[in-house]
Amino acid sequence: MKTTEQPTLQAFHMKGIKHINPSDALEALTNGEAVMIDVRELNEVKLESFPLDRVLNHPMSVIAERLPYIAKDQNIIVACHSGVRSVKVANLLIQHGYQSVASLDGGLLAWKAKGLPLTNQSSPAGCACKSSPSKNIDELSLSSAPRKNSPVNLDFKSVRRI
């Protein structure tokens, strides 16, 4: 996994935290070299998500409780919206003995700017609260059936470790 000591796509940095640019992160994920932990909150993930199999959502608000469910013997890329939360969580993981951790440089914003794969669930016209009367609530909500490469609201304990 190619990492750097300093970020190039964001200003926020903490000493000792490695960074990985979005293109290298995608390569590491698709080659099975790493897993990504998306630390954004569930409401953020429902709007936009990384459509890859090796991406797990452990929001920053509960990451400390979920550390026992995150294997230490793997390369971990931590991602958030802009790179600030991911740097903080990467620091937390390192303090808890995780050896190979990198923050996604520039976060989801940089990922999008490079045109990398992204699932966007938001409607182009804005929120659904002013939708036409012909649509009912069921048509506007996300399907409860799991879809490949889509975020699903699962109990994280039932998800297999990767």
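Me: Which residue does His19 stand opposite in strand 6?

Reply: His19 stands opposite Ser103 in strand 6. Please bear in mind that this is a predicted model.

Me: How do strand 1 and strand 6 pair, and over how many bridges?

Reply: Strand 1 pairs with strand 6, residues 101–104, in the parallel sense, and the pairing runs over 3 bridges.

Me: What is the order of the strands in the sheet?

Reply: The order is 1-6-5-2-4, with 5 strands forming an open sheet whose pairing is parallel. Strand 1 (18–20) and strand 4 (55–57) stand at the edges; each has a single partner strand, so one side of each is left without a neighbour in the sheet.

Me: By how many degrees are neighbouring strands turned against each other?

Reply: On average, neighbouring strands of this sheet are turned by 35 degrees against each other, with direction ignored.

Me: Which residues stand opposite Val35 and Ile37?

Reply: Val35 stands opposite Ile76 in strand 5, and Ile37 stands opposite Leu56 in strand 4. Strand 2 pairs with strand 5 in the parallel sense over 5 bridges, while 3 bridges join strand 2 to strand 4, again running parallel.

Me: And what does helix 1 lie across?

Reply: Helix 1, residues 22–30, lies across strand 1, strand 2 (34–38), strand 5 (75–79) and strand 6. Helix 1 runs at about 120 degrees to strand 2.

Me: How many residues are in the largest nonpolar core?

Reply: The largest nonpolar core has 17 residues, and those with the most contacts inside it are Met36, Phe50, Ile77, Leu104 and Trp111. At least two residues of this core come from each of helix 1, strand 2, strand 5, strand 6 and helix 5 (107–113).

Me: Which of these supplies the largest share?

Reply: Helix 1 does, with 4 residues.

Me: What is Ile77 in contact with?

Reply: Leaving aside its neighbours within four places in sequence, Ile77 is in contact with several residues, including Met1, Ile20, Ala25, Leu29, Met36, Ala102 and Leu104.

Me: What does Lys18 form a salt bridge with?

Reply: Lys18 forms a salt bridge with Glu5, and the closest N and O atoms are 3.0 Å apart. Here Lys18 is in strand 1 and Glu5 in the segment before strand 1, 13 residues apart. Lys18 counts as partly exposed at 33% relative accessibility, and Glu5 counts as partly exposed at 49%.

Me: Which residue pairs with Glu44?

Reply: Glu44 forms a salt bridge with Arg85, the closest N and O atoms being 2.9 Å apart. Glu44 lies in helix 2 (residues 42–47) and Arg85 in helix 4 (residues 84–95), so the pair ties together parts that are 41 residues apart in sequence. Glu44 is partly exposed, with a relative accessible area of 21%, and Arg85 is partly exposed, with 23%.

Me: What do the buried residues of helix 4 pack against?

Reply: They pack against strand 1, helix 3 (63–66), strand 5 and strand 6. The buried residues of helix 4 are Ser86, Val87, Val89, Ala90, Asn91 and Leu93.

Me: How far does helix 4 reach, and what comes just after?

Reply: Helix 4 has 12 residues and reaches 17 Å from its first C-alpha to its last, close to the 16 Å expected at 1.5 Å a residue. Just after helix 4, Gly97 takes a positive phi of about 95 degrees.

Terms used:
Residues numbered from 1 in each chain as written. Predicted model: local features only at pLDDT ≥ 70, side-chain atom pairs only at ≥ 80, totals over all residues. Heavy atoms only, no water. Pairing = 2+ DSSP bridges. Axes fitted to C-alpha atoms, helices over the stretch in contact; angles between N-to-C directions. Contact = heavy atoms within 4.5 Å. Core = buried A, V, L, I, M, F, W, Y, C linked by side-chain atoms within 4.5 Å. Buried < 20%, exposed > 50% of the residue type's maximum accessible area, 1.4 Å probe, protein only. Salt bridge = Lys/Arg side-chain N within 4 Å of Asp/Glu carboxyl O. Expected span 1.5 Å × (residues − 1).
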